[in-house]
Amino acid sequence: GRVNDFMGVVYSLNKDPFFWFFGKGIGALFDVDIPSGVWTTHYSHFTPISYIFLGGWIMFLAVYGKLISLLIYCLKNMNDYYSMFFVYYFITSFIGGAIYFTDPFIWMFTGVIVYQKKWNRKAIV
């Protein structure tokens with residue numbers, strides 16, 4: 001399951017310390033051990049490790065630095081629909097899905113949060 005998925009990325013990145021800092025790049029694949037054999041894939045369901053796999057710690061820190069600042073903003077504004085939605089998807093990305101890696105829908109809402117934070121606006125619902 002998810003643990004094997006995570007460990008597949010770790011084993012792939014451990015092949016060279018360079019990969020941990022700069023990632024393996026777009027199109028890279030790694031193997032996941034599953035009960036029926038080996039599965040080859042290009043992303044992990046644990047979103048943060050997917051970003052490390054793709055672009056290393058550099059990409060992870062750039063993306064999650066911004067996402068965490070937005071999370072803090074949203075936690076302070078939990079009475080706003082979009083803020084609650086963002087917090088939900090942020091937590092979901094850690095638990096069970098690579099939504100920040102595969103779902104363009106969530107980036108649309110992330111853009112709304114960026115706008116609200118920048119212009120100090122609240123949602124009108």
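The following questions and answers walk through a predicted model of one protein.

Residues are numbered from 1 along each chain as its sequence is written, and side-chain values use heavy atoms, with hydrogens and water left out. Because the model is predicted, local features need pLDDT of at least 70 and side-chain atom pairs count only at pLDDT 80 or more, while totals for chains, interfaces and linings use all residues.

Visitor: What percentage of the residues of the protein count as buried?
Guide: A residue is called buried under 20% relative accessible area, exposed over 50%, and partly exposed in between, with a 1.4 Å probe and protein chains only. The C-alpha atoms fill a box of roughly 50 × 30 × 20 Å, taken along the principal axes. Of the 125 residues, the share that counts as buried is 38%.

Visitor: Is valine 9 buried or exposed, and with which residues is it in contact?
Guide: Valine 9 lies in helix α1, which covers residues 2-13. Its relative accessibility is 0%, under the 20% cut-off, so valine 9 counts as buried. Contact means heavy atoms within 4.5 Å, and, leaving aside neighbours within four places in sequence, valine 9 is in contact with Phe30, Ser44, Ile49 and Phe53.

Visitor: Which residues are in contact with serine 50, leaving aside its neighbours within four places in sequence?
Guide: Serine 50 has its place in helix α3, and because its relative accessible area is 1%, it is buried. With neighbours within four places in sequence set aside, the residues in contact with serine 50 are Tyr43, Ser44 and Phe101.

Visitor: Why does serine 83 count as buried, and which residues is it in contact with?
Guide: Serine 83 lies in helix α4, and it is buried because its relative accessible area is 1%. Leaving aside neighbours within four places in sequence, its contacts are Tyr73, Cys74, Asn77, Ile113 and Gln116.

Visitor: Is methionine 84 buried, partly exposed or exposed?
Guide: Methionine 84 is found in helix α4, and its C-alpha atom is separated by 28 Å from that of valine 3, 81 residues apart along the chain. Its relative accessibility is 41%, and methionine 84 therefore counts as partly exposed.

Visitor: Which residues does phenylalanine 85 touch, not counting residues up to four places away in sequence?
Guide: Phenylalanine 85 is found in helix α4, residues 81-95, and it is buried, with a relative accessible area of 15%. Between phenylalanine 85 and tryptophan 57 there are 27 Å in space, C-alpha to C-alpha, and 28 residues in sequence. Not counting residues up to four places away, phenylalanine 85 touches Phe105, Ile106 and Phe109.

Visitor: Which elements give two or more residues to the nonpolar patch?
Guide: Patches are made of residues with over 30% relative accessible area and no salt bridge, like charges being joined within 9 Å and nonpolar side chains (Val, Leu, Ile, Met, Phe, Trp, Tyr) within 5 Å; a salt bridge is a side-chain nitrogen of Lys or Arg within 4 Å of a carboxyl oxygen of Asp or Glu. The nonpolar surface patch of about 640 Å² is made by Phe18, Phe21, Phe22, Trp57, Ile58 and Leu61. The elements that give two or more residues to the patch are α2 (17-22) and α3 (47-76).

Visitor: Is leucine 61 buried or exposed?
Guide: Leucine 61 has its place in helix α3. Because its relative accessibility is 54%, leucine 61 counts as exposed.

Notes
Helices (H or I, at least four residues) and strands (E, at least two) are DSSP runs, numbered from the N terminus. Accessible areas come from the Shrake-Rupley method with a 1.4 Å probe; for residues, only the protein chains shown count as cover.
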